[in-house]
Amino acid sequence: MEIARGILTTIFAIVAWPMLLYFLVINTSYLVLIGLASTNFAAYLRRTFFSGERAVAGSPLSLGISVVMPAYNEEMVITTSVRSVLDLRYPDHEVIVVNDGSKDATLQKLIETFSLELDAREVPERIPVRGALRGVWRSNDPAIPLTVVDKENSGRSDSLNAGINISAKDLVVMVDADSLIDPDALLTVSKPFADDPENVVATGGVVRAVNGCRVSAGRVVQVGMPKEMVARIQVVEYLRAFLLGRTGWSQLKALILISGAFGMFRRDVLLEAGGLDPDCIGEDFELVMRIHKKMIDSKRRYRVVFVAEPVSWTEVPPNLTVLARQRRRWHRGLWEVLSQYRGMTLNPRYGRVGMIALPFYWLFELIAPALELSGLILVPLGLWLGLVDPHYALLLLLVSYVYAIFVSLVALVVEEASFHRYTKWRDLWACIFAAIVENFGYRQLTAVWRLQGWWAALRGSAAEWGTMTRTGFADERDAAVTAAGERLSR
């Protein structure tokens, strides 16, 4: 027993103050990113009136956009998602849906809804694709710029590569089939390309949770909070990470991650980079890192930009089982990409990407769950054995949890002051409550899942993709039809 006490005493002497400093720095870093994001928002909102989006919407000189949407077993949402993208306000865009060997009625719904017919065109293989093409379908209405590529199942990345091969426009947008996009999203997220066509190579947009929102004709017409606490907490997470965090990194000119749910790239850069890596579980992260490396190694000027206002609405996991698979996969992908590009870390050749962004992701994204769970085990054990000063334990609690809650609340205030998406007080109070509850159970569970994903990668076990159960979008027209049917059946 005395030997164990001695070992624990030594461990506490070594890690106590570094652990306190770690949580102080990580939360302060998030606060700094939020501050940078708020500066970006203020400048963006001042420019909005003079941005010229109306001129772009009607200009025949605007860069064409190919929207590529991979789909696997998405029959619940596919027609709503495709309508949403077809109806986007932009003068020249095509929609390419890649059916990745769906086993449900995804392809049949698309054929029937949009009156598709087989197209005999030859698809160029600029990027190698593993899944064999089974057919290309096209709308027989020239006013509907929709192409559907049907192929054998080979994964999301390979499907996106198939869509890039058949795309014909200067810019390529990658969106998920379970997403809905704001009407002016293409106008806004393509604006940096129009403003700086020689240097901008990629832009990213905001991803928000559609759970709890009201949808009509493929549009989010009323923003609301979901009923499930798990989904509510994810709303806060998405605001903090996707909106404020990435806007802050963009302001620092060190954005290294664009979400695969809504990203725009120059087509020539995608082809030069070789498309997405089908073997990487963090394919969106890896693609942006590969672009950074290629551009810096070839000494070309370039910019990767995050645009705060256009929103892609996606369905987040409504239960812990699906969420656990997602977080294991995300953390595994984080490890794979960071280890693959470890030569760029702390390498002055790669500027802010190598000296600021990558070290941050190593220290405060990859390692964070391990340190958090270590603290949750060691500090209570030390208090029980009388080895930890209660004042230190209280200080650690304040720095790691109370400070984290404060950061989340600041993020909510900045978002609400800038964009005012939530019109009901009860939704705002639900956000605030979720930001607090997140720290009691949810945060610890996600830390465990993230470590499991990391451990699975280190062991070399097969990647766990799992299935995301869709409930479909809450379309008010469908709800009305359902209600009418229920009344007639009574």
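This is a predicted model: local features need pLDDT of at least 70, side-chain atom pairs count only at pLDDT 80 or more; totals for chains, interfaces and linings use all residues.
Residues are numbered from 1 along each chain as its sequence is written, and side-chain values use heavy atoms, leaving out hydrogens and water.

Q: Which radius of gyration does the chain have, and why does it agree with a compact globule?
A: The radius is taken over C-alpha atoms, and the globule rule is 2.2 Å times the number of residues to the power 0.38. For 490 residues a compact globule would be near 23 Å, so there is agreement with the chain's value of 24 Å.

Q: Why do H13 and H14 count as roughly antiparallel?
A: Helices are DSSP runs of H or I with at least four residues, numbered from the N terminus. Helix H13 (residues 368-385) and helix H14 (residues 390-419) pack at an angle of about 155 degrees. Angles over 145 degrees count as roughly antiparallel. H13 and H14 are therefore roughly antiparallel.

Q: Which residues of H14 make the contact with H13?
A: Contact means heavy atoms within 4.5 Å. From H13 come Glu372, Leu376, Val379 and Leu383. Their counterparts on H14 are Pro390, Ala393, Leu396 and Tyr401.

How values were computed:
Axes are lines fitted to C-alpha atoms, for helices over the stretch in contact, and angles run from 0 to 180 degrees between N-to-C directions. Helices (H or I, at least four residues) and strands (E, at least two) are DSSP runs, numbered from the N terminus. Angles under 35 degrees count as roughly parallel, over 145 as roughly antiparallel, 65 to 115 as roughly perpendicular and the rest as oblique.
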